[in-house]
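Hi,

Here is the structure I promised to pass on to you. Have a look at it first, and then read on for what I found.

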Amino acid sequence: MQRYIIRRIGEAVLALLALSIIIFLMVRLTGDPALLMLPPDAGKEALEDLRHSMGVDKPLVVQYGLFIRDYSTGSFGDSLRSKSPVSELIKDRLPNSMKLVGVAALIVILISIPLGVLSAVYKGTLIDTTCTGIAVLGQAIPVFWLGMLLIQVFTVSLGWLPSSGMGGFTHYIMPAFSLGFFTVAAITRLLRSSLLEALDSEYIKLARIKGLSEFIIVWKHALRNSLISVVTLGGIYIAILITLGILVEVVFAWPGMGRLLYQGIVFRDFPVVQAVVMISAGIVITTSLVVDIAYAYLDPRIRLQ
Amino acid sequence: MTRYRSLRIPFIVATLTAFMLILASACSSSSDSVESTSSSSSSTSATSVPAATAAPATSVPAVVKPQGKLTVALTDLGNETPSVWQEYAFGKSYMRMLFDAFNGTNDAGEMDKGNGASKEWSMSEDAQTWSFTLRENIKFHNGDPLTAEDVKFSIGLMTSEDSVASYKTKVTASIQDAENQITIVSPYEIVIETSKPAAYLNWDLSDIQGVEGLVQPKNYTETVGIEEFANDPIGSGPYKWVDQRKGDFMEFEAMDKHWRVGVPKFKTFTFRVIPEESTRIAALKANEVDVISVSRERAPQLEKDGQKIFSKVGASVLGLYFHEQYLDESVWKDIRVREAFNLAINRDELCEFVFAGQCTPASVYPWPDIAPGTDNSLKALPYDPERAKALLSDAGYDGAEVAIRSYPRADVPEGPRFIEAVAGYLDAVGINTKIIPTEYASYRKERLAHTLNNGSGYLAAPNRPLAGFQGVMRVLNHSEGAFTSTKDPEIDRLMEAWEATITEADSLAASVALYTYMYNQFTHLTCCNMSISYATNDQVDSWDLGKRVWDDGFTNLYQP
């Protein structure tokens with residue numbers, strides 16, 4: 001077990017290192033940030049001054065070395081645009097994204113579990129078709145379009161919910177729903193297939209023979225066993241929501257990591273883009289690592305492999 | 001099926017519960033709006049976005065105190081860092097509410113001694129010594145007086161190496177060492193010695209272009225720390241800082257009375273950042289905000305829907321470059337070809353169909369027709385495809401391919417459609433065009449490298465003061481300019497003559513001379529004077545957007 005954990009941690013670190021090289025090079029492929037940060041009529045001297053102050057006039061190897069040095073000391077460098085430490089920008093924005101993801105996760109759970117159960121229990125009926133249809137819609141509808149549609153209906157037409165920005169609970173509903181709807185689809189379908197498999201198993205047949213009610217059979221026995229794979233994948237999906245939030249945060253003007261990444265990309269603010277991507281990747285890799293370790297702990301067959 | 005009949009009840013319960021939750025949220029949303037409206041006079045916490053108060057327009061009697069709220073939603077607010085050395089020109093809208101300028105200007109884009117900390121200034125004959133006398137009645141929001149120390153300190157900060165002020169190089173061209181070049185004669189008198197003639201130093205240290213001329217308090221900044229100042233800034237402007245959530249909103253509260261503005265109209269002024277236009281429009285229609293920036297495309301529809309539209313006509317001028325036209329092999333080496341390009345496009349059609357009627361034909365890029373130093377007798381070239389064909393034939397145009405870069409920009413989102421339309425007009429007169437989709441930063445890199453032989457791209461040059469045009473023309477059209485497309489000795493001569501002028505009258509005349517020469521030389525494919533538009537609800541009765549650069553007259557929204 002120990003060897004397995006050490007190996008997985010090593011793999012996670014290697015993955016992060018490889019990602020650091022990829023993201024470092026890719027942001028620099030987009031070009032010179034100074035060209036975007038100054039007005040169009042700013043002269044060569046202004047451009048060179050700005051490049052020098054940003055440190056982008058140094059050789060790539062030097063820049064990467066500074067990048068690794070900063071990250072290993074817990075610093076993400078300074079934003080090229082605002083000159084503020086990137087860690088401060090992230091400190092402002094990350095909690096906002098986590099709150100949105102938290103509510104989105106709640107919505108995912110509240111919607112996908114009933115839909116998945118109904119779809120499995122009423123397999124082959126109109127209810128199953130409806131639930132599956134909702135799941136397909138969730139995967140097909142573009143997130144930004146869904147957000148705009150919700151704003152049009154619930155803000156402009158009905159006046160029920162605020163259009164954008166952060167605030168009370170009502171500010172969370174539309175962006176969280178937009179963000180979570182894609183994951184609802186995935187979890188619903190996964191739960192449906194897991195539950196169908198569980199409902200067909202021997203212990204369920206025994207439970208029926210023993211005369212237990214269908215409600216207890218489905219919700220207490222079958223569902224519990226079906227949730228193992230759902231929780232595994234669901235945890236990773238929810239970690240990914242942090243990165244998927246970019247479109248939702250732009251549409252709903254949510255001041256989170258996604259918006260920060262968007263601004264970083266638009267203005268070629270390399271340190272910001274690097275930091276947001278590394279943190280998001282770190283969250284996903286860490287979640288995956290924790291899940292794998294937990295899985296190995298729960299299922300000896302995996303660690304023996 | 002009968003086994004699962006009992007599960008229908010949980011299904012119905014779950015559905016009803018979800019419905020009740022939504023209803024409850026809708027009800028609490030309504031009560032949220034009521035609460036934020038009724039608490040408009042109290043300070044707003046950082047956890048909620050300040051809501052707009054939608055009040056019907058009536059004729060307003062003279063206000064004794066600032067009242068109510070105004071909320072403006074924009075795409076971007078610069079760095080959202082209220083400090084003279086940490087903010088770009090794009091953040092000027094809110095910076096001018098918080099700070100006063102060293103040298104004042106008015107909405108017509110002219111220097112104005114009534115609007116800045118300096119009540120008087122003078123320049124030596126050699127334009128290397130400037131003397132300024134400050135008003136003695138300006139106080140920062142903490143009660144400290146604004147003195148020459150604060151001006152010197154602010155200029156020092158703004159010209160520092162770490163400063164991101166967009167036009168700081170215009171100042172550092174003549175002030176490299178603020179500590180030694182700026183002398184405090186008395187608490188309200190200051191003398192600046194420049195390293196070279198600087199006839200426009202008062203412009204460069206004003207609020208006409210960027211934030212370079214804004215004054216930050218020395219004592220307070222040194223007390224809280226240069227880095228910390230932006231977290232709780234104070235200035236001497238008509239509004240003081242209340243709160244901010246980066247990427248979401250900035251909130252300001254009016255001073256009861258301000259030496260320049262008088263009694264500001266609105267008690268609370270909030271800027272919100274809403275990048276997506278559809279969301280901004282929804283927020284306006286729901287009265288969550290009172291003013292939004294809106295694209296040219298959407299402005300006519302919003303006007304039909306009952307929103308008020310205020311536009312800044314001629315905010316910029318759109319044109320295409322004839323890059324590297326000085327090269328012998330350039331298709332634009334021959335003036336007849338350059339004229340043909342200009343005659344080939346239908347500017348009226350472009351304005352109507354590409355820019356939704358929100359522009360007018362323009363005469364000479366990079367001057368909008370309303371800019372200072374132009375000759376309004378020189379009209380935009382007509383659409384004359386037959387003459388264009390004849391000119392091309394006379395010039396012996398051999399069908400050389402012209403590659404036009406196509407990219408959207410925030411100020412011209414219609415860019416790709418515009419380029420397609422232009423390419424269509426050019427193709428129709430026999431010009432061989434190719435559209436290269438790219439992005440602006442890549443195109444700019446190519447421009448700097450001068451690798452665009454027979455290549456073209458567009459830009460919208462904003463209107464600016466006379467001093468600003470002098471600076472930009474050097475960069476864009478002088479032979480030694482970083483972005484030059486021309487290497488014309490006559491342009492160089494006219495530009496250098498302009499740069500040597502001391503008085504404004506001479507400067508205007510020199511600008512007109514250059515303008516006229518470039519008109520007659522067809523140095524660019526000039527298209528249209530572009531408008532910037534804003535949509536408002538009934539909170540705004542009237543609004544003059546002015547002629548400042550990077551600032552659309554938000555002062556006039558709260559001017560009593």
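A word on naming before we start: helices (H or I, at least four residues) and strands (E, at least two) are DSSP runs, numbered from the N terminus. Please also keep in mind that this is a predicted model.

On confidence, chain A has an average pLDDT of 85, and 93% of its residues score at least 70. Within chain A, helix α7 (residues 143–157) has the highest confidence, at 95, while helix α13 (residues 300–304) has the lowest, at a mean of 61. Where pLDDT is low, the predicted coordinates should not be read in detail.

Let me stay with chain A and begin with one residue. A:L223 belongs to helix α10 (residues 214–251) of chain A. Is A:L223 buried or exposed? A:L223 counts as buried because it has 20 C-beta neighbours inside 10 Å, and the cut-off for a buried residue is 20 or more. If we set aside the neighbours within four places in sequence, A:L223 is in contact with A:V117, A:L195 and A:V218. A:S194 is 29 residues from A:L223 in sequence, and their C-alpha atoms are 8.5 Å apart in space.

Two other helices of chain A are worth a look as a pair. Helix α5 (residues 86–121) of chain A packs with helix α8 (residues 170–199) of chain A at an angle of about 35 degrees, and their axes are 6 Å apart. The crossing of α5(A) past α8(A) is right-handed. Sorted by class, the residues in this contact are 22 nonpolar, six polar and one charged.

Helix α9 (residues 202–209) of chain A gives another picture: of its eight residues the number buried is zero, so α9(A) lies largely in the open. Just after α9(A) comes A:G211, with a positive phi of about 90 degrees.

Now to chain B, where helix α3 (residues 148–158) is largely enclosed by the rest of the structure, because nine of its eleven residues are buried. Among those buried residues of α3(B) are B:D150, B:K152, B:F153 and B:I155. Their cover includes β3 (129–134), β4 (182–186), β5 (189–193) and α7 (218–224) of chain B.

Next, some antiparallel strands. Strand β7 (residues 249–254) of chain B is mostly covered, with five of its six residues buried. Strand β6 (residues 239–245) of chain B runs antiparallel to β7(B), joined by six bridges, and B:Y239 stands opposite B:A254. The hairpin of β6(B) and β7(B) has three residues between the strands, and in it B:G247 takes a positive phi near 85 degrees. β7(B) also pairs with strand β8 (residues 268–273) of chain B, in the antiparallel sense over five bridges; here B:E253 stands opposite B:T268.

Finally, chain B has an open sheet of three strands in the order β13-β12-β14, with parallel pairing. Its edge strands, β13 (433–437) and β14 (455–456) of chain B, each pair on one side only. Five bridges link strand β12 (residues 402–406) of chain B to β13(B) in the parallel sense, and B:T433 is the bridge partner of B:V402. Helix α13 (residues 415–428) of chain B packs on this sheet and touches β12 and β13 of chain B, its direction making about 170 degrees with that of β13(B).

Best wishes

Note on methods
Residues numbered from 1 in each chain as written. Chains lettered and ligands numbered in written order. Predicted model: local features only at pLDDT ≥ 70, side-chain atom pairs only at ≥ 80, totals over all residues. Pairing = 2+ DSSP bridges. Contact = placed C-beta atoms within 7 Å. Axes fitted to C-alpha atoms, helices over the stretch in contact; angles between N-to-C directions. Buried ≥ 20, exposed ≤ 12 C-beta atoms within 10 Å, placed from the backbone. Left-handed = near helix turned anticlockwise from the far one by under 90°. Nonpolar A, V, L, I, M, F, W, Y, C, P; charged D, E, K, R; others polar. pLDDT = per-residue confidence, 0-100.
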